[in-house]
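This report describes the strand pairing, nonpolar cores, aromatic pairs and salt bridges of one structure. Please consult the sequence and the model alongside the text.

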Amino acid sequence: MKAKDDHSSGIDRRSFLALGTAVAAAATLPAAALAETSPLGVTMTGGGPISVGYVAGSDAWVKNLDLPWDEPNLAFAEFALDIVPATSLDVGSELGGALIELTVHGLFPRLPHVKAMTWKKCFLFASMPAPPEMIFGPDPVPFLAWSARSDPQPSQAAKVRPVLPTGADGALSLELEVHPLSPGKGSRASGEILDRSAPRTVSNAIVLTTNFTVDRLAGRPRLQEGVYLLALGRGLWDEAWSGTFEELRRLDGLDSVAIGIRLLE
């Protein structure tokens, strides 16, 4: 495993600037609403599990800001995809104790149609280990990295690329906070896609968390370079899926947040 002594304590300037960029993505959200529903005191360990898929072969083009299907080229409609559960990956230890770039590409496979929406807003939190000299100890420090909403029209924040350190075992904690539509709004009841039995916040938000690793720990997604899909619904990527991107775009209820992981040398 490559030594990372120059990043062993504190937050370097590059990481601090990237963190500021990610937090700035939340600046367009109403401050009162954010404070009411998404306090930054979250532990990043509560809630139900995020169903995480991995796009096979995506490590070959993860350095690009845009994903292949983002290009305005109709040829990509037939782009073949193999999506596997991230818990089934066999990974090396390269991303353990490393500095990574996490690119939040946005909603996958597309912005949902208005009549197919089952949620009104969602937030993606990421975390970075606290510097050991901080008085509150080595707990993760969460920050709001990205958001999307359906009112008045489906929209999402711009792509962001925060730089984060991983734990010695490749630990990377992420949290999704999903606010479902009230029953009767949209074309379906809000519980049809989202797991209404999952733990909720005071505002009935569904909280889902995951913690990546490079170790062989049951139930945890394995961390390597490539593109991951964080499902807003329960169990969406717990089984492998193969087909074309166009086939995925025709389906409703697969709403996920696509993120890219890249090792920084």
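## Strand pairing around strand 13

Strand 4 (99-108) and strand 13 (256-263) pair in the antiparallel sense over eight bridges. Strands here are DSSP runs (E, at least two residues) and helices are runs of H or I with at least four, numbered from the N terminus; two strands pair if DSSP finds at least two bridges between them. Within this pairing, glutamate 101 has arginine 262 of strand 13 as its bridge partner. Strand 11 (226-231) also runs antiparallel to strand 13, joined to it by six bridges, and tyrosine 228 stands opposite isoleucine 259 of strand 13.

The model is predicted: local features need pLDDT of at least 70 and side-chain atom pairs count only at pLDDT 80 or more, whereas totals for chains, interfaces and linings use all residues. Residues are numbered from 1 along each chain as its sequence is written, and side-chain values use heavy atoms, with hydrogens and water left out.

Strand 13 is mostly covered, with eight of its eight residues buried. Buried means under 20% relative accessible area, exposed over 50% and partly exposed in between (1.4 Å probe, protein chains only). Ser256, Ala258, Gly260 and Arg262 point one way from strand 13, while Val257, Ile259, Ile261 and Leu263 point the other way.

## Nonpolar cores

The largest nonpolar core has 41 residues, of which Leu124, Leu176, Tyr228, Leu230, Val257, Ile259 and Ile261 touch the most other members. Such a core is a set of buried Ala, Val, Leu, Ile, Met, Phe, Trp, Tyr and Cys residues joined through side-chain atoms within 4.5 Å. Among the elements that give two or more residues to this core are strand 2 (52-55), strand 9 (172-180) and strand 13. Strand 5 gives the most, with five residues.

Leucine 230 touches residues that include Leu124, Leu174, Leu176, Phe212, Val257 and Ile259, not counting residues up to four places away in sequence; contact means heavy atoms within 4.5 Å.

## Aromatic pairs

The structure holds five aromatic pairs. Rings of Phe, Tyr and Trp (its six-membered ring) pair if their centres lie within 6.5 Å; planes under 30 degrees apart count as stacked, over 60 as edge-to-face and the rest as tilted. Phenylalanine 108 and phenylalanine 245 form a tilted pair, at 6.1 Å centre to centre with 50° between the planes. This pair links strand 4 to helix 3 (residues 245-249), across 137 residues of the chain. Phenylalanine 108 is buried at 1% relative accessibility, and phenylalanine 245 is buried at 3%.

Ring pairs also link Tyr54, Phe212 and Tyr228 into a cluster.

## Salt bridges

Seven salt bridges are counted, each being a side-chain nitrogen of Lys or Arg within 4 Å of a carboxyl oxygen of Asp or Glu. Aspartate 66 and lysine 159 meet in one of them, at 2.9 Å from N to O. Aspartate 66 lies in the loop between strand 2 and strand 3 (80-85) and lysine 159 in the loop between strand 7 (155-156) and strand 8 (163-165), so this bridge ties together parts 93 residues apart in sequence. Aspartate 66 is partly exposed at 36%, and lysine 159 is partly exposed at 29%.

Glutamate 246 and arginine 250 form a salt bridge at 3.5 Å, N to O; glutamate 246 is buried at 16%, whereas arginine 250 is exposed at 63%. Glu101, Arg161 and Arg262 are linked in a network of salt bridges.
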